[in-house]
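Work through the exercises below with the sequence and model at hand. Each task is followed by a solution in steps.

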Amino acid sequence: MKKSVLWIVGMLWAFASFSQNSSAKILGRWTNDDQTRVWEIIQEGENIEAIVIKSDSPEYIGKKQITGLTFQKADTYSKGEIHIFQKDETLDCSIKLLNKTQLEITVKKGLFSQSNIWTRVTDN
């Protein structure tokens, strides 16, 4: 009986560790291709969110641009929403971590989708 309880506790601990490590890979600062915007990707409870920390439009700094992303599988985060400030729209989005330094964000509106590559900001 004790072995069964210990095994269950061990499996739950391993699962919790896996979940945290999966989300941790995406956390940090990311910039778009033309480096006009930088996001700080954070974990808020079980969700992943992105806050604008640099923008060519100062009124967006400090605002959450992505909310509700959840880890799905193999470096993929989906079921999130991206807030397009310029158009006052909220659209579905997902993020796939391509490698340690690049991610691909896909935004969907109806049948259409658009993807962009963002690069991790390194402190030098």
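Strands are DSSP runs of E with at least two residues, and helices are runs of H or I with at least four, numbered from the N terminus. The model is predicted: local features need pLDDT of at least 70, side-chain atom pairs count only at pLDDT 80 or more, and totals for chains, interfaces and linings use all residues. Residues are numbered from 1 along each chain as its sequence is written, and side-chain values use heavy atoms, with hydrogens and water left out.

**Exercise 1.** Locate Glu 49, classify its burial and find the side chain that it contacts.

Step 1. Glu 49 sits in strand β3.
Step 2. Buried means under 20% relative accessible area, exposed over 50%, and partly exposed in between (1.4 Å probe, protein chains only). Glu 49 has 8% relative accessibility, so Glu 49 is buried.
Step 3. A polar contact is a pair of N or O atoms within 3.5 Å; within protein, one must be able to donate a hydrogen and the other to accept it, and residues adjacent in sequence count only if both atoms are side-chain atoms. The side chains of Glu 49 and Lys 64 form such a contact at 2.6 Å.

**Exercise 2.** Is Asp 34 buried or exposed?

Step 1. Asp 34 is in the loop between β1 (28-31) and β2 (37-44).
Step 2. Its relative accessible area is 53%, so Asp 34 is exposed.
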